[in-house]
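Let's take a walk through this protein together, one piece at a time. Keep the picture open as you read.

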Amino acid sequence: MKCNCILGSLLGDKTRMTELSRDMNAYIRPSPTRGTLGGVTRTTNEAILLCEGGGYDIILIETVGVGQSEFAVADMVDMFVLLLPPAGGDELQGIKRGIIEMADLVAITKSDGDLIVPARRIQAEYVSALKLLRRRSGVWQPKVVRISARSGEGIAEMWDRMREFWDLMLASGELAARRQQQQKVWMWNLIRESVLEHFRAHPAVREQIPLLERRVLSGALPPGLAADLLLKAFQARTHEMYPTH
């Protein structure tokens, strides 16, 4: 039996925020990604604007957090905080190009009990690794802290580092420049999504997609050639509808 399944999420994080969810000054809104890459949903930017318009001055965005490529949120926020468990890997993991070099602050979580020693080791490794990466800011050097939700250790220090980051970025003008750049990224992301939707909905493309996908899956057709065929079909039909003179 074949089944086309839409994979959803339980979004159970909200149910585990027992204290925060009861705070009248806090608003929690789970948002499934629905297959959107980058660790966030397509409407995250709009949700941020709504929260700001609602008077919330501190907005925390948690991504799905599944790997090195989930850092699209860095183009949406003022500060990108990376949370890592004590068993997150050695220093070689820290110097990978990608999500690590985008971080403004790295927090080693679960730093309590038997995990304190490995948490300290991971902290030292990432402090060394971050020195080898190119800094995103001219006024801020990314920091590495250890935190524990169970004992509360490091939470106050983490907040202090966030406030320090905000003050430096605001005073230097980098915060305003970063937000301006994010607006441009947002614009092009919307264009990219719209163009892809129009491409897939194009009659000539829509007709060929099932056949070409089957041929790619069977190995009868290279992905690059299949993409070229779809693009040519799109361009040919578009030229018929809108001829150039």
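**A helix with a bend**

Start with helix H8, residues 203-218: its 16 residues reach 24 Å from the first C-alpha to the last, close to the 22 Å expected at 1.5 Å a residue. (That expected span is 1.5 Å times one less than the number of residues.) Helices here are DSSP runs of H or I with at least four residues, strands are runs of E with at least two, and both are numbered from the N terminus.

Before going further, know that this is a predicted model, in which local features need pLDDT of at least 70, side-chain atom pairs count only at pLDDT 80 or more, and totals for chains, interfaces and linings use all residues. Residues are numbered from 1 along each chain as its sequence is written, and side-chain values use heavy atoms, leaving out hydrogens and water.

Back to H8. Where does H8 bend? At Ile209, by about 40°, and a proline, Pro210, follows within four residues. The bend is the angle between two fitted axes, one for the seven residues ending at that place and one for the seven starting there. Ile209 is also one of the buried residues of H8, together with Ala204, Val205 and Leu212. Buried means under 20% relative accessible area, exposed means over 50%, and partly exposed is in between (1.4 Å probe, protein chains only).

Now look for Ala226: it is 10 residues from Val216 along the chain, and their C-alpha atoms are separated by 7.3 Å. If you skip its neighbours within four places in sequence, Val216 is in contact (heavy atoms within 4.5 Å) with Leu221, Pro222, Pro223 and Ala226.

**Stepping back**

Zoom out, and you'll find nine helices and three strands. Along the sequence they follow the pattern α-α-β-α-α-β-α-β-α-α-α-α. The protein has 245 residues, and 28% of them count as buried. Among contacts between residues at least 6 apart in sequence, 64% join residues at least 24 apart.

Here's a pair to find on screen: Gly138 and Met169 are 31 residues apart in sequence and 9.2 Å apart in space, C-alpha to C-alpha. Gly138 sits in the loop between H5 and strand S3 (143-146). Is Gly138 buried or exposed? It is exposed, with a relative accessible area of 61%.

**Inside the cores**

A nonpolar core is a set of buried Ala, Val, Leu, Ile, Met, Phe, Trp, Tyr and Cys residues joined through side-chain atoms within 4.5 Å. The largest one has 20 residues, and the members that touch the most others are Phe80, Leu82, Ile100, Val106 and Ile108. At least two core residues come from each of S1, helix H4 (99-102), strand S2 (105-108) and H5. H5 gives the largest share, four residues. This core lies between domain 1 (1-77) and domain 2 (79-174), because both give residues to it; the domain bounds come from an automatic or database assignment. Apart from this core there is another, of 10 residues, including Leu105, Ala107, Trp140 and Met158.

**Charged pairs**

Side chains of opposite charge can pair when their charged atoms come close. A salt bridge here is a side-chain nitrogen of Lys or Arg within 4 Å of a carboxyl oxygen of Asp or Glu, and the count comes to seven.

One of them joins Arg179 and Asp78, at 2.6 Å from N to O. Arg179 lies in helix H7 (174-201) and Asp78 in the loop between helix H2 (44-53) and strand S1 (81-84), so this pair ties together parts that are 101 residues apart in sequence. Arg179 is partly exposed at 35% relative accessibility, whereas Asp78 is buried at 19%.

Another salt bridge stays within a helix: Glu125 and Arg121 meet at 3.0 Å, N to O, and they are four residues apart in H5 (116-130), which puts about one helical turn between them. An α-helix has 3.6 residues a turn, so residues three or four places apart point the same way. Glu125 is buried at 16%, while Arg121 is partly exposed at 43%.

Helix H6 (155-172) holds Glu157 and Arg161, four residues or about one turn apart, and their side chains meet in a salt bridge of 3.9 Å, N to O. Finally, salt bridges that share partners join Asp104, Arg136 and Arg178 into one network.
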